[in-house]
Amino acid sequence: MSRLKGVGVALVTPFNEDLSVDFDSLTKLVEYNIENGTNYLVVLGTTAEAATLSAEEKKQVTDHIVKANSKRLPLVLGIGGNNTLEIKKQIEETDLSEFDAVLSVSPYYNKPNQEGLYQHYKMLAETGKPIIIYNVPGRTGQNVEASTTLRLAKEFPNLFMIKEAAPNILQYFDILRQKPANFSLVSGDDEFTLPVTLAGGDGVISVIGQGYPKEFSTMVQLAFDGKVKEAYEIHNKLVEITRLIFAEGNPCGIKTVLAEKGIIKNYLRLPLVAASEGLQAKIKAEMAKL
């Protein structure tokens, strides 16, 4: 599992003007990240607008990235939802031969208690597949508490990692302090990447990283090497653009960055819309500074 260390990026799904999937831009995005030091690719995460892709499109996007990547970087596949039995079945029935792990978001909307969250992941662990727990309370409406994560980590070796995106950095530190040695934590919040990595985390699954892969992966490597001052110089340069891309939600901000770089076209599927003109102007001005 140690292949999933450093900067993983949650790839966007580029669309054409008619909102069909833009596979040419997807190839460009994969190449851009491989060439610029990204460590692994995450397919069909939230950033991919996976909730608005049909089952057939999800398969096409997955197959396309697998082919474009051509075994160069490790891959992670997002399979999550709020129907535990259905997600378990999907994990069992999906061909995961090209993937190092499944990234599975905690159940949203139902708002299970901690025991419910534990039982959900316990059932997914029974598939025997390597699974990354994904805690993002801002989207799911429920926090997977540190005690629940640690309980899962100690009982199920194939739940080997958490992508932690609680807004409370103390929760990250509690997990890092008490986790078993074979359990890994990565930041799910771009701005927390550096402090979390310095505290013993294994890097990040990032959104901004796909727009600035060279800078972001250099920063994380410097953190691994204990070069704190140099790492914070990069962190401080990227703080403003990182905040801007999330100002109106994800992935409208990162799509603005990638469109400005000429990698994709700036289209999103409803209910998401492109960043406002005001935000786009701010993002472009910050990009010019960088």
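A salt bridge is a side-chain nitrogen of Lys or Arg within 4 Å of a carboxyl oxygen of Asp or Glu. The structure is a predicted model, in which local features need pLDDT of at least 70 and side-chain atom pairs count only at pLDDT 80 or more, while totals for chains, interfaces and linings use all residues. Residues are numbered from 1 along each chain as its sequence is written, and side-chain values use heavy atoms, with hydrogens and water left out.

**Overall architecture**

- The protein contains twelve helices and eight strands; helices (H or I, at least four residues) and strands (E, at least two) are DSSP runs, numbered from the N terminus.
- The protein is as compact as a globular protein of its length, because its radius of gyration is 18 Å, close to the 19 Å that the globule rule gives for 290 residues.
- This radius is taken over C-alpha atoms, and the globule rule is 2.2 Å times the number of residues to the power 0.38.
- The C-alpha trace spans about 50 × 45 × 35 Å along its principal axes.
- In the protein, 70% of the contacts with a separation of 6 or more are between residues 24 or more positions apart; a contact means heavy atoms within 4.5 Å.

**Surface and charge**

- Of the 290 residues, 55% count as buried; buried means under 20% relative accessible area, exposed over 50%, and partly exposed in between (1.4 Å probe, protein chains only).
- The protein exposes about 12600 Å², of which carbon and sulfur atoms supply 51%; accessible areas come from the Shrake-Rupley method with a 1.4 Å probe, and for residues only the protein chains shown count as cover.
- There are 31 positive and 35 negative charges, and their mean positions are 3 Å apart.
- In this count Lys and Arg are positive and Asp and Glu negative, whereas His and the chain ends are not counted.
- Each charge is placed at NZ of Lys, CZ of Arg, CG of Asp or CD of Glu.

**Salt bridges**

- The structure holds 16 salt bridges.
- One of them pairs glutamate 57 with arginine 269, the closest N and O atoms being 2.7 Å apart.
- Glutamate 57 lies in helix α2 (residues 55-69) and arginine 269 in the loop between α11 (252-260) and α12, so the pair ties together parts that are 212 residues apart in sequence.
- Both glutamate 57 and arginine 269 are buried.
- Arginine 243 is partly exposed at 47% relative accessibility, and glutamate 191 is partly exposed with a relative accessible area of 24%.
- Glutamate 98 forms a salt bridge with lysine 71 (3.1 Å, N to O).
- That pair also links distant parts of the chain, with glutamate 98 in the loop between α3 (84-93) and β4 (101-105) and lysine 71 in the loop between α2 and β3 (75-78), 27 residues apart.
- Glutamate 98 is partly exposed, with a relative accessible area of 31%.
- Glu115, Arg151 and Glu155 are linked in a network of salt bridges.

**Backbone features**

- Most residues other than glycine have a negative phi, and most peptide bonds are trans.
- Lysine 71 has a positive phi near 65°, in a residue other than glycine, and lysine 71 is exposed, with a relative accessible area of 65%.
- Tyrosine 109 likewise has a positive phi, near 75°; tyrosine 109 is placed in the loop between β4 and α4 (114-125) and counts as exposed at 76% relative accessibility.
- The peptide bond from asparagine 250 to proline 251 is cis, with omega near 10°, and proline 251 sits in the loop between α10 and α11.
- Leucine 270 and proline 271 are joined by a cis peptide bond with omega about 15°, and proline 271 is found in the loop between α11 and α12.

**Alanine 285**

- Alanine 285 belongs to helix α12 (residues 277-289) and counts as partly exposed at 44% relative accessibility.
- Alanine 285 and isoleucine 241 are 44 residues apart in sequence and 9.6 Å apart in space, C-alpha to C-alpha.
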